[in-house]
Amino acid sequence: MLDFRFPTALQMVLSVAVAEKQGMRSTSATLAAALEANPSFIRKLMVPLTKDGIIVSTLGRNGSSIHLGRPAEEITLRDIYLAVIDDKRIWASRPEVPARCLVSANACWYFKSVVNEAEQASLAVLARHTVADSLAELERGDKRACAEYAAEQEAEAAGK
């Protein structure tokens with residue numbers, strides 16, 4: 001079964017950061033609508049993100065409002081991942097089986113060591129990227145996408 005907690009939480013945090021940058025308000029309802037996600041799933045993800053200080057939800061006259069809990073430059077993708085994934089491993093090993101041969105006697109510890117190495121490498125990559133870096137990359141990508149679209153439109157118009 002696919003686990004969408006991290007990618008959804010990442011989109012939530014990035015959306016909150018963009019809204020803050022634009023002086024707009026974020027709520028769980030606006031996030032759910034924008035991400036086309038179940039509102040209860042969004043609220044469920046808000047709990048660990050709030051607990052870890054990644055986001056802050058405040059109650060005001062017009063309902064709750066969600067903000068970043070610290071500057072975007074100080075929130076890494078690793079922080080977001082660890083907040084919402086908690087202690088779930090990327091890959092689970094099979095239960096121990098009776099040692100009947102070379103494979104059954106050693107596969108479990110071997111698999112765990114390889115998975116641990118892969119997980120540490122993944123966490124190291126996520127730690128190198130901040131929310132601020134991610135937003136900057138998205139903005140560069142958006143400019144590229146807009147330029148590509150404009151070029152396609154020009155080519156199409158020239159071909160008519």
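This is a predicted model: local features need pLDDT of at least 70, side-chain atom pairs count only at pLDDT 80 or more; totals for chains, interfaces and linings use all residues.
Residues are numbered from 1 along each chain as its sequence is written, and side-chain values use heavy atoms, with hydrogens and water left out.

I begin with the core. A nonpolar core is a set of buried Ala, Val, Leu, Ile, Met, Phe, Trp, Tyr and Cys residues joined through side-chain atoms within 4.5 Å; buried means under 20% relative accessible area, exposed over 50%, and partly exposed in between, with a 1.4 Å probe and protein chains only. The largest such core has 32 residues, of which Phe 6, Leu 49, Ile 80 and Val 131 touch the most other members. At least two residues each come from several elements, among them helix H3 (39-51) and strand E2 (63-68); helices (H or I, at least four residues) and strands (E, at least two) are DSSP runs numbered from the N terminus. H1 gives the largest share, eight residues.

Beyond four places in sequence, Phe 6 is in contact with residues including Leu 77, Ile 80 and Leu 126, contact being heavy atoms within 4.5 Å.

Next, Ser 28. This serine lies in helix H2 (residues 28-35) and is buried at 16%.

Finally, the cysteines. The structure has zero disulfides, a disulfide being a pair of cysteine sulfur atoms within 2.5 Å. Cys 101 is partly exposed at 43%, whereas Cys 108 is buried at 13%.
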